[in-house]
Amino acid sequence: MAEQTDSHRYLPLFIDLSDRKVVIFGGGSVGLRKASLFSDYAHTIVVSADFVPGLKDLSSSASVELVSMDLLSVSDEKLEELVMDAFLVIPATNIVELNDRIKEFARRSGALVNRVDMADGVVIPSVIKRGGLTIGISTLGSSPAVSKYTRKKIETFITPQYGDMIKLQDEMRNLLKGKVAEQKTRKAILWEILEDRSVWEALEVSYEKGYKIAYDIFQEHISKKG
Ligand SMILES: C[C@@]1(CC(=O)O)c2cc3[nH]c(cc4nc(cc5[nH]c(cc(n2)[C@H]1CCC(=O)O)[C@@](C)(CC(=O)O)[C@@H]5CCC(=O)O)C(CC(=O)O)=C4CCC(=O)O)c(CCC(=O)O)c3CC(=O)O
Ligand SMILES: NC(=O)C1=CN([C@@H]2O[C@H](COP(=O)(O)OP(=O)(O)OC[C@H]3O[C@@H](n4cnc5c(N)ncnc54)[C@H](O)[C@@H]3O)[C@@H](O)[C@H]2O)C=CC1
């Protein structure tokens with residue numbers, strides 16, 4: 001049995017990858033899964049001797065660059081060049097010694113390294129993106145299948161209304177900042193809107209209907225005070 005990762009060492013963080021470079025080594029099924037995820041966020045390069053068809057499709061549609069190369073004979077200088085300025089390097093070939101060599105060069109150049117054969121330093125989560133909501137899920141290497149299973153379960157109850165509620169809360173909190181002086185009161189109003197079933201039900205009909213009920217809740221607070 002694999003040794004359990006100490007979960008207390010790992011913290012989920014959200015990082016803007018828009019002007020970052022991610023370099024994946026290995027164009028197999030794992031390289032494809034990682035490239036599919038990262039190409040939505042970062043400039044993604046896959047270096048490999050060959051590429052599964054999905055990666056070729058991805059490179060024609062998304063920001064994925066494929067570099068064809070035999071890495072067993074790659075020089076130190078070339079490897080240094082490949083990992084230069086990378087924010088994250090993912091050694092995902094099926095050759096352990098090669099992945100270890102790539103990892104050493106990447107770490108030396110200051111990049112983060114995601115090992116695909118164990119949780120070590122950087123672990124990639126299952127990701128849910130719905131409107132303005134982002135959720136990352138991990139078992140830190142104990143059971144990637146459970147991460148995926150959990151993602152699918154959570155996805156069933158994150159309805160489109162969550163996105164609408166985020167937009168509504170964003171609008172209301174900006175409005176409240178201008179109209180209600182006390183932070184405690186602003187917080188109370190936002191929670192009343194959030195926990196009001198009729199707001200959620202109205203959002204199912206339209207955003208405007210939800211907004212109207214939320215606005216009435218806000219008005220009621222104001223008039224109670226006055
Ligand atoms: C440590 C980690 C390293 C890393 O950061 O990559 C790692 C390692 C390994 N995964 C393996 C197998 C599988 N990986 C998946 C799926 C995902 N794996 C992902 C992450 C991680 N995988 C990191 C830990 C994350 C965590 O623990 O939460 C996800 C979350 C993210 C992503 O990769 O995009 C993505 C789900 C995305 C989604 O939501 O869909 C499935 C599920 C399936 O295919 O059905 C299986 C088969 C079933 C199973 O094994 O559970 C094996 C081979 C084991 C063997 O040899 O048998 C190893 C190596 C090892 O453990 O030795
Ligand atoms: N993190 C995860 O979710 C998982 C991780 N793994 C690990 O990831 C590794 C890769 O798994 P797969 O993608 O399924 O393997 P794969 O065999 O499908 O792909 C390996 C890739 O590495 C490339 N490669 C091999 N030697 C090369 C060389 N000398 N030069 C250039 N490219 C070379 C191959 O061309 C191929 O594209 C496995 O060995 C395993 O340790 C496996 C399953 C899931």
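Author: We can begin with a pair of helices, where helix H6 (residues 160–179) and helix H8 (residues 197–205) have axes that come within 10 Å and cross at roughly 110 degrees. Helices (H or I, at least four residues) and strands (E, at least two) are DSSP runs, numbered from the N terminus. An axis is a line fitted to C-alpha atoms, for helices over the stretch in contact, and angles run from 0 to 180 degrees between N-to-C directions. This is a predicted model, in which local features need pLDDT of at least 70 and side-chain atom pairs count only at pLDDT 80 or more, while totals for chains, interfaces and linings use all residues. Residues are numbered from 1 along each chain as its sequence is written, and chains are lettered from A and ligands numbered from 1 in the order in which they are written.

Reader: How is H6 oriented to H8, and which residues make the contact?

Author: Angles under 35 degrees count as roughly parallel, over 145 as roughly antiparallel, 65 to 115 as roughly perpendicular and the rest as oblique. The crossing described above therefore makes H6 roughly perpendicular to H8, and H6 passes H8 in a right-handed crossing (left-handed if the near helix is turned anticlockwise from the far one by less than a right angle, right-handed if clockwise). Gln161, Asp164 and Met165 of H6 meet Trp200, Leu203 and Glu204 of H8, contact being counted when C-beta atoms, placed from the backbone, lie within 7 Å. By class, this contact has 3 nonpolar, 1 polar and 2 charged residues, where Ala, Val, Leu, Ile, Met, Phe, Trp, Tyr, Cys and Pro count as nonpolar, Asp, Glu, Lys and Arg as charged, and the others, Gly among them, as polar.

Reader: Is the crossing of H1 and H2 left-handed or right-handed, and at what angle do these helices pack?

Author: H1 and helix H2 (residues 53–61) have axes 9 Å apart and pack at an angle of about 25 degrees, which makes H1 roughly parallel to H2; their crossing is left-handed. On the H1 side the contact uses Gly31, Leu32, Ala35 and Ser36, and on the H2 side Gly54, Leu55 and Leu58, giving 4 nonpolar, 3 polar and no charged residues.

Reader: And at what angle do H3 and H4 pack?

Author: Helix H3 (residues 76–83) packs on H4 at about 60 degrees, with the axes 9 Å apart, so H3 and H4 are oblique to each other. Leu79, Glu80 and Val83 of H3 touch Ile102, Phe105 and Ala106 of H4, a contact of 5 nonpolar, no polar and 1 charged residues.

Reader: Turning to the strands, in what order do the 5 strands of the open sheet stand?

Author: Strands of a sheet pair through backbone hydrogen bonds, either parallel or antiparallel. Here the order is E3-E2-E1-E4-E5 and the pairing is parallel, two strands being paired if DSSP finds at least two bridges between them. Strand E3 (64–68) and strand E5 (112–113) stand at the edges with a single partner strand each, so one side of each has no neighbour in the sheet. Strand E1 (residues 21–27) pairs with strand E2 (residues 43–51) over 6 bridges, and Val23 stands opposite Ile45 in E2. Helix H4 (residues 96–108) lies across E1, strand E4 (88–91) and E5, and runs at about 170 degrees to E4.

Reader: Finally, which residues come nearest to each ligand?

Author: A residue is near a molecule or strand if its C-beta atom, placed from the backbone, lies within 6 Å of it. Ligand 1 has 23 residues around it, of which Ser126, Gly141, Pro144, Ala145 and Ser147 come nearest; H1 and helix H5 (144–157) are the elements that give two or more residues to this shell, and H5 supplies the largest share, 5 residues. Around ligand 2 there are 20 residues, with Gly26, Gly28, Val30, Ala49 and Leu71 nearest, and E1, helix H1 (29–38) and E2 each supply at least two residues. The shell around ligand 2 has 9 nonpolar, 8 polar and 3 charged residues, while that around ligand 1 has 10 nonpolar, 8 polar and 5 charged.

Conventions. Two residues are in contact if their C-beta atoms, placed from the backbone, lie within 7 Å.
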